[in-house]
Amino acid sequence: MTTTQPRPDTGPPGTDADEKTTLLAFLDYLREAVATKAEGLAGQAARAPGVPSGTSLLGLVKHLTAAEHYWFVWAFEGAGDAPPDLGMTVRAEERAEDILAGYRAAVRRSNEIAGRCDDLGRACGRPAGRAGAVRSLRWVLVHMIEETARHAGHADILREQADGAVGR
């Protein structure tokens, strides 16, 4: 393991604006933390499972990409026929740069969808999740903050295990 210099802690967003702006700012902060953890990790290290369950850093990014699509595009917008695969499997032919670019594209699309909605109480276009309930955009935003934060913590640990990098 190579020990790298700690990254400076960026700290949470300083915004205290309206509800949607604040929720999106915190979600974007967490999304960037995940992407930053996955960037610059060489070859196999980003694919290597860091825990017995098989979770890898790139696998987390793939899962979060699918979660963005699932909640904002498939559930909230009601677009598409089938929900995306929320798994974490990274195929041998997949490149880390492409996985990260896909995540950033999914984030942009999610933000565009949320940005077009002027009512956080607006219901999703279809029932989703384990409960099969119709949720509001507010619920989706809070859920994605929780989901992304949980996996950002996993990413912190996986990156430190891989090359010693710490910090946000």
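**Figure 1. Residue classes in the lining of the largest pocket.** In this predicted model, the lining of the largest pocket is made up of 7 nonpolar, 3 polar and 4 charged residues. The space inside the largest pocket comes to about 330 Å³, and 14 residues line it, with W71, L86, G129, R130 and H143 lying nearest its centre. Two helices, α3 (57-77) and α5 (137-163), each contribute at least two residues to the lining of the largest pocket.

**Figure 2. The second largest pocket.** The volume of the second largest pocket is about 210 Å³. It is lined by 14 residues, and the closest of them to its centre are K62, H63, A66, D85 and G87. Two or more residues of the lining of the second largest pocket are given by each of the elements α3 and α4 (96-116), and the largest share, 5 residues, comes from α3. Sorted by class, the lining of the second largest pocket holds 4 nonpolar, 6 polar and 4 charged residues.

**Figure 3. Helix α1 beside helix α5.** The axes of α1 (residues 19-38) and α5 come within 9 Å of each other and cross at roughly 25°. Because angles under 35 degrees count as roughly parallel, α1 is described as roughly parallel to α5. The crossing of these two helices, α1 and α5, is left-handed. On the α1 side, the residues that make the contact include L23, L24, F26, L27, L30 and V34, while on the α5 side they include L141, V142, M144, I145, A149 and A152. Taken by class, the contact of α1 with α5 has 14 nonpolar, 3 polar and 6 charged residues.

**Figure 4. Helix α1 beside helix α3.** Helices α1 and α3 pack with their axes 9 Å apart and at an angle of about 150°. Since angles over 145 degrees count as roughly antiparallel, α1 and α3 are therefore roughly antiparallel to each other. Here too the helices can be described by their handedness, and α1 passes α3 in a left-handed crossing. In this contact, L27, R31, V34, K37 and A38 of α1 meet L57, V61, L64, E68 and F72 of α3. Sorted by class, the contact of α1 with α3 has 7 nonpolar, no polar and 3 charged residues.

Technical notes
Residues are numbered from 1 along each chain as its sequence is written. This is a predicted model: local features need pLDDT of at least 70, side-chain atom pairs count only at pLDDT 80 or more; totals for chains, interfaces and linings use all residues. Side-chain values use heavy atoms; hydrogens and water are left out. On a 1 Å grid over the protein atoms alone, a cavity is a set of points where a 1.4 Å probe fits but cannot get out, and a pocket is an open set with protein on both sides within 12 Å along at least five of seven lines; lining residues have an atom within 4 Å of a point. Grid points are joined across faces, edges and corners, and a volume is the space filled by probe spheres set on the points. Helices (H or I, at least four residues) and strands (E, at least two) are DSSP runs, numbered from the N terminus. Ala, Val, Leu, Ile, Met, Phe, Trp, Tyr, Cys and Pro count as nonpolar, Asp, Glu, Lys and Arg as charged, and the others, Gly among them, as polar. Axes are lines fitted to C-alpha atoms, for helices over the stretch in contact, and angles run from 0 to 180 degrees between N-to-C directions. Angles under 35 degrees count as roughly parallel, over 145 as roughly antiparallel, 65 to 115 as roughly perpendicular and the rest as oblique. A crossing is left-handed if the near helix is turned anticlockwise from the far one by less than a right angle, and right-handed if clockwise. Contact means heavy atoms within 4.5 Å.
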